[in-house]
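Please examine the structure shown below together with its sequence. The paragraphs that follow lead through its strands, its core, its charged pairs and its surface.

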Amino acid sequence: MNASLIASSRFAKTIDIVAAFMSDSDPTKGSAAELTPLGNVIGHPGNQDGVTTWDTMRLPNTTKRGARVMFEYQPGLWTSRTLVDRTDLGDGTANYRVAEVLATNVQDNAALLGHAYTAADFVHPALYGVLRFVSRLPQSHKAKFYP
């Protein structure tokens with residue numbers, strides 16, 4: 001049925017988003033943060049005693065400002081932050097200011113993942129979810145937007 005819709009002249013502008021949007025391992029679910037590895041946390045300017053709040057972390061400068069990222073703040077424990085500002089340090093890293101000012105630790109060299117969905121509802125795609133989807137959409141479908 002799907003193939004006949006896409007081939008129909010009546011629905012010439014129809015695109016097939018399911019294959020691009022879904023997880024590679026489970027076609028019934030959307031992508032997860034694990035499908036968007038961003039490298040590792042470089043460090044943490046400022047106090048990291050687990051009690052003092054902080055608003056800056058050092059990440060690879062390829063991380064997108066405005067993204068929601070997830071990182072392992074202690075072995076086996078994960079948290080996330082929204083990156084709202086960036087100061088490039090010129091050495092492949094940048095200091096990112098975060099929207100959520102909390103007192104968790106930032107473990108140096110911790111795995112860093114890009115969230116695929118918003119934290120508000122885990123339904124709507126976040127920045128890295130949208131970027132992953134668009135990169136996987138076939139060019140033939142993208143061309144339908146700009147004939």
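Two strands are said to pair if DSSP finds at least two bridges between them. The strands themselves, of at least two residues (E), and the helices, of at least four (H or I), are DSSP runs numbered from the N terminus. The model is a predicted one, in which local features need pLDDT of at least 70 and side-chain atom pairs count only at pLDDT 80 or more, while totals for chains, interfaces and linings use all residues. Residues are numbered from 1 along each chain as its sequence is written, and side-chain values use heavy atoms, leaving out hydrogens and water.

E3 and E4 pair in the antiparallel sense over 6 bridges, and phenylalanine 71 stands opposite threonine 79 in E4. The hairpin of E3 and E4 has 2 residues between the strands, and glycine 76 there takes a positive phi near 85°. Strand E4 (residues 77-88) is in turn joined to E5 by 5 bridges, again in an antiparallel arrangement. Here arginine 86 stands opposite tyrosine 96 in E5, and threonine 87 has asparagine 95 as its bridge partner. This second hairpin has 4 residues between E4 and E5, with glycine 90 in the turn at a positive phi of about 80°. E5 also pairs with E2, in the antiparallel sense, over 6 bridges; tyrosine 96 of E5 is the bridge partner of methionine 57.

Which residues touch the most other members of the largest nonpolar core? They are Val41, Met57, Leu59, Phe71 and Leu112, out of 17 residues in that core. Strands E2 (54-60), E3 (68-74) and E5 (93-102) each supply at least two residues of this core. Such a core is a set of buried Ala, Val, Leu, Ile, Met, Phe, Trp, Tyr and Cys residues joined through side-chain atoms within 4.5 Å. Buried means under 20% relative accessible area, exposed means over 50%, and partly exposed lies in between (1.4 Å probe, protein chains only). In soluble globular proteins, nonpolar side chains tend to be buried together. Methionine 57 has contacts (heavy atoms within 4.5 Å) beyond its neighbours within four places in sequence, among them Val41, Phe71, Tyr96 and Val106.

The charged side chains come next. A search of the whole structure finds 3 salt bridges, each being a side-chain nitrogen of Lys or Arg within 4 Å of a carboxyl oxygen of Asp or Glu. In one of them, aspartate 85 meets arginine 65, with the closest N and O atoms 4.0 Å apart. Because aspartate 85 lies in strand E4 and arginine 65 in the loop between E2 and E3, this pair ties together parts that are 20 residues apart in sequence. Arginine 68 forms another with glutamate 100, at 2.8 Å between the closest N and O atoms. That pair links strand E3 with strand E5, 32 residues apart. Arginine 68 is buried, since its relative accessible area is 16%, whereas glutamate 100, at 23%, is partly exposed. Aspartate 88 and arginine 86 also meet in a salt bridge (2.9 Å, N to O).

Finally, the loop between E5 and strand E6 (111-114) holds asparagine 109. Asparagine 109 has a positive phi, near 65°, although it is not a glycine. Its relative accessible area of 57% makes asparagine 109 exposed.
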